[in-house]
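Me: I would like to go through this model slowly, one question at a time, and see how each answer is reached.

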Amino acid sequence: MLQTTVGTQPLLLAPMINVMQGCIERPQPSSTTTLPDGPVVQACRRDGGSAAALVESTLQRLGPQRSPDGRYELGYTLQVPLLQLFKRTGAAGLAADSQPIAADHGSGSDWVIDRDAVTRLVHTLADDPRPAIVYLFSTHFGIGAPIEAALAADPANLAVTARGPLARDRYYGLDIHPWSVARIDNGIAQRRLQAIDAVVGAICRLPSEAREKIRALTLLGEVHQLFPDFEAGMGFASPYLVSDYSTASVRAFRGFLRQRFGGIAALNRFLGQSADVTYRSFDDVDPPSRDIRTDRLQRFVEHIDSFAQGTLPIAGWAAPAADGRPRRVQLLLDGEPLAQVTAQLGRQDVLAARSEIGRADVGWRYDLDFRQLPVGVHRIDLLLLPPDGTNALPLHVGTRRISIMGRDQTTPPELPMKAELPPHVVGPLPPDFWIDLPADRTAYWFNPLVPLWHAFRNDQVVRYLDRFDRRVADSCLWDTPRYVHQILPFTNPGWDANKFAVDASLHAAGGIQLGVSLYGEAARGEGLFPLLAQWQKTRYGVTEFHPLKAVPTAQLRDVLQRHRAHGAQFVSFFLEPYAGSESIENPQNLFSFDPSNPKFGSDRLFESVQALMNGKAP
């Protein structure tokens, strides 16, 4: 008899299976696929078929639909790649329900929805008995859809930095298309909406018992502002280039300021009215776009960098103590206690460079708000505290002097210490400790226009997501829970979260719920759980999950149970499709849990999930 945990529902594990490539999508003669062309795949491609057989063949390797202890339910995430649903056809051959959208915005009038592919995708929900998450997928990650090149040729679809439109980029070998989130009237937004209408319309034509299997929908995927060098540019290095500076975005920013301040005099007072700041009208206001260190400014409020919003990170890493406990760092400002931080944040870069440490949860960070600090040179001291239970003195591990600058850029005065440093020892720096930021003798300027610019960029992301959410809400799926599918940059101490501008979309109220992708140490949830309390969120979804290392079964069980206790409704992870062959030699996704994928411990993670679903956890 199935035993369930009293007072709780089983946690839905909903692996994300790529059923489009090699299954739903009919292969071209020149194409290759990792899936054998047997009965499972043929069930996808026949008229009126679906991917249900492939879903079942894949999931049965993990275990039953319910784990013996009742803690886990095994469903799936139906990944619906919106741009891959378009096919090219001559304008004369358009079907009545596939008319080109008005003002086609650069993608041409010869693209229509592949209705057969939509039907086979949606029939999967009817043909498979398991609960499902429907992922209406369209992000900046390229999927090789032919329409992508047509959309990318239209500048109106691309994010724009202060130096012009972003170029196509790469991330772990994948193409990055810098789609804009600054407007909803361009081709990329309209094509996404067109595909959503087709998919949602097909779902709404299913019998109610099929629609009831849908536990949730996740929208678009990671939606955030973009920047150059996507793979390595997430940190605090200059030059500081973010989106979106398009003409439409600048115009909207002025409207944002007008709505917030009412009159230009109020904005001038907020910015610190002076000869170089005073504006005559909102039409004179441009978003900050220049670095005071390298560019000539007409007004001080043109300055922007990673710190101009008023905070600077003090960050680094420290290997754990001999007993495995994380180390603690005491921070002092001008001799006075500032903060105490624990080295337990994820640093995959440290693990990659120092594999002998054996773990990535070694990062520490504190964000210093310097907006109210007096102009001058301040001193930051760092003490590495001894492990608890010892009487040893802390070790002095570094001093950094920072210059808080005034608008006139005059040389700041050296400020005196406010207190003596507490007792400590000075000695050789340990080889397993490092300070990344701040660099010594770095200058910082606070520009009050920059927080407004970041707030506006956050608002752009929220408005963009809201437009798609309302489209789904105006359908038969109005009462199906809908989740964002967002990145969580705050948990990575080396990232500048302001570049992404996702904060508001994570804790905004409304019909759409919180969904987050958790990679590395963030998968454990420790960085997420305090945010849930702060945002008063009692329900959320884990839209992508990967610890980026092998996790033993018992440890994975504990992680998943903590997520369930904090309100997780489902956990999704990539799972390679399996069509009955002995193995898949070339996994489609390097993050897929699969016995033949050793990258990031994915083969061991497959085994751990398999053990949980079969009741074999120790």
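**Helices and rings**

Reply: In this predicted model, the axes of α8 and helix α11 (residues 449–473) come within 10 Å of each other and cross at roughly 110 degrees.

Me: Which word describes how α8 and α11 lie to each other, roughly parallel or roughly perpendicular?

Reply: The crossing angle of these two axes is roughly 110 degrees, and angles of 65 to 115 degrees count as roughly perpendicular. The contact is made by residues of α8 including Phe253, Phe256 and Leu257, and by residues of α11 including Leu452, Trp453 and Phe456. The two helices are therefore roughly perpendicular.

Me: Which residue just after α14 takes a positive phi?

Reply: Within α14 itself, the buried residues include Leu556, Val559, Leu560 and His563. Just after this helix comes a residue whose phi is positive, at about 110 degrees, and that residue is Gly567.

Me: How many residues apart in sequence are the parts that the pair of Phe236 and Phe307 ties together?

Reply: The structure holds 25 aromatic pairs, and one of them, formed by Phe236 and Phe307, is stacked, with 5.9 Å from centre to centre and 10 degrees between the planes. Phe236 lies in the loop between β12 (214–220) and α8 (247–261), whereas Phe307 lies in the loop between α9 (264–271) and β13 (311–318), so the pair ties together parts whose separation in sequence is 71 residues.

Me: Are Phe236 and Phe307 buried or exposed?

Reply: A residue counts as buried if its relative accessible area is under 20%. Phe236 has a relative accessible area of 12%, and Phe307 has a relative accessibility of 10%, so Phe236 and Phe307 are both buried.

Me: What kind of pair do the rings of Trp364 and Phe433 form, stacked or edge-to-face?

Reply: Trp364 belongs to strand β17 (residues 361–369) and Phe433 to strand β21 (residues 433–437), and both residues are buried. Their ring centres are 6.0 Å apart and their planes are at 15 degrees, while planes under 30 degrees apart count as stacked. The pair is therefore stacked.

Me: Over the ring of which residue does the charged end of Lys499 sit?

Reply: A charge sits over a ring only if it is within 6 Å of the ring centre and within 35 degrees of the ring normal. The charged end of Lys499 is 5.5 Å from the centre of the ring it sits over, and that ring belongs to Phe227.

Terms used. Residues numbered from 1 in each chain as written. Predicted model: local features only at pLDDT ≥ 70, side-chain atom pairs only at ≥ 80, totals over all residues. Heavy atoms only, no water. Phe/Tyr/Trp six-rings, centres within 6.5 Å; stacked < 30°, edge-to-face > 60°. Helix = DSSP H or I, 4+ residues; strand = E, 2+ residues; numbered from the N terminus. Buried < 20%, exposed > 50% of the residue type's maximum accessible area, 1.4 Å probe, protein only. Axes fitted to C-alpha atoms, helices over the stretch in contact; angles between N-to-C directions. Parallel < 35°, antiparallel > 145°, perpendicular 65-115°, else oblique. Contact = heavy atoms within 4.5 Å.
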